[in-house]
Amino acid sequence: MAPVKDAPKKRHARRSGWWFDIFEEMNRMDRMMEEMMQKAFEMPRAEDSPQPFVYGFSMSVGPDGKPVIREFGNVEPSSRGPLVKEEREPLVDVMEDGGDVVVVTELPGVEKDQIKLDSTDRALKITVNSAKRRYLKEMELPHLVDPRTANATYKNGVLEVRFHKTEEKKPTRAIRIE
């Protein structure tokens, strides 16, 4: 019997021109997607920024019955990846209560005298500048309000600002917290 020669090994030949190796192309795309996903989820290192990273969202039902989603924190998306802002955006809920608009804001770790409130007939700006914490939130209100009727209270890290609704424009005003 004649000796059996080894069958020739199949080589994975690389083709040129318009044809390409589909498995090689899939591997390249897989590496590219892996790289993109890593960049998308990279967070700045703690040594780059002394403040903590805070990000979240709240969901509630608006007066029209539709869901309202609000973001809060100090991480902001950008084309170069997430940016950590100096001031945090606090968790805020805006509700309508009969003839009033009520804004409830969580501001833990600050004193009442560190909070500054400014209001127009259509917006509210909350600013906190303390040695430990900085908060900033500017928001549009769902209805025209009279800033002169604003009643603000702060207790146990929760700020509540209540405005009476109005149908006519009113002047801007700073609000004192009780």
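Biologist: Which residues lie nearest the centre of the largest pocket?

Modeller: A pocket is found on a 1 Å grid over the protein atoms alone: it is an open set of points where a 1.4 Å probe fits, with protein on both sides within 12 Å along at least five of seven lines, and lining residues have an atom within 4 Å of a point. Here 15 residues line the largest pocket, and Val68, Arg70, Val94, Met95 and Pro142 lie nearest its centre. Before we go on, this is a predicted model, in which local features need pLDDT of at least 70 and side-chain atom pairs count only at pLDDT 80 or more, while totals for chains, interfaces and linings use all residues. Residues are numbered from 1 along each chain as its sequence is written, and side-chain values use heavy atoms, leaving out hydrogens and water.

Biologist: Which strand gives the most to the lining of the largest pocket?

Modeller: Strands (E, at least two residues) and helices (H or I, at least four) are DSSP runs, numbered from the N terminus. With four residues, β4 gives the most to that lining. At least two lining residues come from each of β1 (55-61), β2 (67-76), β4 (92-97) and β8 (134-140).

Biologist: How many helices and strands are there in the protein chain?

Modeller: One helix and eleven strands.

Biologist: Good to know! Is Val145 buried or exposed?

Modeller: Buried means under 20% relative accessible area, exposed over 50%, and partly exposed in between (1.4 Å probe, protein chains only). Val145 has 0% relative accessibility, so this residue counts as buried. Its place is in strand β9 (residues 145-155). For the protein chain as a whole, 26% of the 178 residues count as buried.

Biologist: Which residues is Val145 in contact with, leaving aside its neighbours within four places in sequence?

Modeller: Contact means heavy atoms within 4.5 Å. The partners of Val145 include Val101, Thr120, Phe163 and Lys170.

Biologist: How many salt bridges does a search of the whole structure find?

Modeller: A salt bridge is a side-chain nitrogen of Lys or Arg within 4 Å of a carboxyl oxygen of Asp or Glu. The search finds ten. One of them joins the side chains of Glu96 and Lys165, at 2.5 Å from N to O. Glu96 lies in strand β4 and Lys165 in strand β10, so this pair ties together parts 69 residues apart in sequence. Both residues are partly exposed, Glu96 at 32% relative accessibility and Lys165 at 26%.

Biologist: What about Arg148 and Asp146, how do their side chains meet?

Modeller: They meet in a salt bridge (3.1 Å, N to O). Arg148 is partly exposed at 48%, whereas Asp146 is buried at 10%. Elsewhere, salt bridges that share partners join Asp97, Asp100, Glu160 and Arg162 into one network.

Biologist: Last one: which residues form a nonpolar patch on the surface?

Modeller: Met29, Met32, Met33 and Met36 do. One of them, Met32, lies in helix α1 (residues 22-41) and is partly exposed at 40% relative accessible area.

Notes: Patch = residues over 30% accessible without salt bridge, like charges linked within 9 Å, V, L, I, M, F, W, Y side chains within 5 Å. Areas by Shrake-Rupley, 256 points an atom, 1.4 Å probe, with all protein chains shown as cover.
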